[in-house]
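We'll hop from stop to stop, picking residues and looking around each one.

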Protein chains: 2
Amino acid sequence: VNEASILAKLPRKHRNLVLGIGDDAAIYRPKANEDLVFTTDLFIEGVHFKSEWNRPPGLSPRSLSHRALARSLSDIAAMGARPQFCLVSLALPKWATEQWIEEFYSGLLNLADQTNTALAGGDLSNAKYFTADVMLAGSVARGKALRRDTARAGDSIYVSGPLGGWRHRESITPRLAEGRKLLGKATACIDISDGLAVDLHRLCLASKASAALDDIPIQEGATLKQALHDGEDYELLYTAPPRTRVAGLRIGVMQKGTPSAITLHGQPLEPLGYDHFRTRT
Amino acid sequence: VNEASILAKLPRKHRNLVLGIGDDAAIYRPKANEDLVFTTDLFIEGVHFKSEWNRPPGLSPRSLSHRALARSLSDIAAMGARPQFCLVSLALPKWATEQWIEEFYSGLLNLADQTNTALAGGDLSNAKYFTADVMLAGSVARGKALRRDTARAGDSIYVSGPLGGWRHRESITPRLAEGRKLLGKATACIDISDGLAVDLHRLCLASKASAALDDIPIQEGATLKQALHDGEDYELLYTAPPRTRVAGLRIGVMQKGTPSAITLHGQPLEPLGYDHFRTRT
């Protein structure tokens, strides 16, 4: 494997960009009246996926790269933005053969094409463990991006779909179209990456409000606990004024009171969820 | 160490941004008639710095983060752009204590402040080896960014300073002011991150031209071989028409002929330099 041969196989041009892969930096020309949103997500062997997954019967390299890009796309969806381009940094251990790397890029470019995301560049290095960092840029009409700090007491709370079922899903489907449809309607939005309880807690903290939940839509085959606390759902969680019609499933209401306190059927709900640092000291 | 306590200590606002750390994505509002340039650089324990360097007498965490950010700033300098914001992803092993992480961010924010770069976000994870990925965004007047594929036969070749002396330097100084002064004058530009010979080779390949070198300015204490082939110089390498007055040290001339062939005093020069993949199979 060498860097030049990896790079030679990647697409050089894309309509979203003035200049893509191959220079010191990629060049993007902003359009009139757009804001740009930026997110980045690490995807690390042994942390975000098991080391054994690089071999059958684990996830294929295509599935891994789909997942790595989908997580960043989900953040862009939560802003109500349209993906524009990504930078993908890869640290490659010896087990990553040229064929494995090609298939990894193939899965990534497949989802990138589906979502009109250009691969604008990145960095390559060797390493002991496989690590990907996927930076994604999106665009949204000026001043319209959905934030997590703008929910108000009295707003209804919604999710874009039933929760807890990620174990039964092949791959993540970022809710890009759903996010864009919320522009001008939702008052706040976040994606559920670490679990409904903990991500709602974050939205409440940012918005300085509390939340009362009633009905939690649960994926077939999942438990209420999984719906509340499992990560990897990647549905959108959002708020809107009670009289505003928005798509989605209503799960409760934003309230005044102790900031970030959450109740379910009137009982306190702990903001437990997936935390990468929980096992650290 | 936990994510919330790390994030709580980082600056939340910066004039370059509409929204910084704390949401699903950062928000940047482009100014009229600007192009944006994007680069990202990995910085990995055991690859870009020795594992022993996380303890005395190795590099301090402040020096490590300075270096990690400076490498990306150098890419932005080579585009003639002004830094705007960065996203910093950190994968943290158990040896990275809260104090170590604080000092790492302190060094990073120090250089970020000096160069008017906002810390806009990033990702945090645990890992077996320390890994940083620094994405940097810069801005430049529309259509004016310096590229590596636009040098022309007959152009003079320059470097921004003497080469080969990185071993004697405490830290990298990205040539941001020097890069911006080249706008409208230089025909092409690249930064010397892997060595003069290999980076000039890249510029020649991209520009479909060859190069003839004569005088190579060497840092005091360095050898010609180090000036030609050592990485980590981070000076700028650029071309300009012979009658255009630009700052810097003239080292040769661009020519027609076999694309990417380089000579030094008429003798062929191999494009050897630092390559992260050279030791891979």
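Which residues do ring pairs link into a cluster in chain A? Select F43(A), F49(A), W95(A), W100(A), F104(A), Y105(A) and F130(A): ring pairs join them into a cluster.

Before going on, some ground rules. This is a predicted model, where local features need pLDDT of at least 70 and side-chain atom pairs count only at pLDDT 80 or more, while totals for chains, interfaces and linings use all residues. Residues are numbered from 1 along each chain as its sequence is written, chains are lettered from A and ligands numbered from 1 in the order in which they are written, and side-chain values use heavy atoms, with hydrogens and water left out.

**Stop 1: the rings**

A pair of aromatic rings is described by the distance of the centres and the angle of the planes. Searching the whole structure turns up 24 aromatic pairs over all chains. F104(A) with Y105(A) is an edge-to-face pair, at 6.5 Å centre to centre and 85 degrees between the planes. For the terms: rings of Phe, Tyr and Trp (its six-membered ring) pair if their centres lie within 6.5 Å, and planes under 30 degrees apart are stacked, over 60 edge-to-face, the rest tilted. F104(A) and Y105(A) are both buried (under 20% relative accessible area; exposed is over 50%, partly exposed in between, with a 1.4 Å probe and protein chains only).

**Stop 2: helix α3 of chain A**

Now select residues 98-114 of chain A, which is helix α3. Helices (H or I, at least four residues) and strands (E, at least two) are DSSP runs, numbered from the N terminus. α3(A) has 17 residues and reaches 24 Å from its first C-alpha to its last, close to the 24 Å expected at 1.5 Å a residue; the expected span is 1.5 Å times one less than the number of residues. Colour its buried residues, among them W100(A), I101(A), L108(A) and L111(A). What covers the buried residues of α3(A) includes α1 (3-8), α2 (61-78) and β3 (82-92) of chain A. Step just past the helix to N116(A), where phi is positive at about 55 degrees.

**Stop 3: T39(A), looking across to chain B**

Pick T39(A) in strand β2 (residues 34-44) of chain A. T39(A) has a relative accessible area of 5%, so it counts as buried. Show its surroundings: leaving out residues up to four places away in sequence, T39(A) touches residues including S72(A), I76(A), M135(A), A25(B) and L87(B) (contact means heavy atoms within 4.5 Å). V134(A) is 95 residues from T39(A) in sequence, with the C-alpha atoms 8.2 Å apart.

The T39(A) side chain makes a polar contact of 3.1 Å with the side chain of D75(A). A polar atom of that T39(A) side chain also lies 3.1 Å from the backbone oxygen of D24(B). A polar contact is a pair of N or O atoms within 3.5 Å; within protein, one must be able to donate a hydrogen and the other to accept it, and residues adjacent in sequence count only if both atoms are side-chain atoms.

**Stop 4: R148(A)**

Move to R148(A), in the loop between β6 (131-141) and β7 (156-159) of chain A. Is R148(A) buried or exposed? Buried, with a relative accessible area of 12%. Its side chain has a polar atom 3.4 Å from the backbone oxygen of G22(B). Beyond four places in sequence, contacts of R148(A) include I190(A), R202(A), D23(B) and D24(B).

**Stop 5: both chains together**

Zoom out and show both copies. Chain A superposes on chain B by a rotation of 180 degrees with 0.0 Å of shift along its axis (RMSD 0.0 Å), so the two copies are related as by a two-fold rotation axis. The superposition is by least squares on the C-alpha atoms of residues with pLDDT of at least 70 in both. Of the interface residues of chain A, 98% are also interface residues in chain B, so the copies meet through the same surface.

**Stop 6: chain B**

Select strand β7 (residues 188-191) of chain B: A188(B) and I190(B) on one side, C189(B) and D191(B) on the other, are all buried. β7(B) pairs with β9 (residues 236-240) of chain B in the antiparallel sense over four bridges (strands pair if DSSP finds at least two bridges between them). Look for T239(B) in β9(B), opposite A188(B).

Finish with two loops. N33(B), between β1 (26-28) and β2 (34-44) of chain B, has a positive phi near 60 degrees without being a glycine. N33(B) is exposed at 55% relative accessibility. Y234(B), in the loop between α6 (224-229) and β9 of chain B, also is not a glycine and has a positive phi of about 60 degrees. Y234(B) is buried, with a relative accessible area of 3%.
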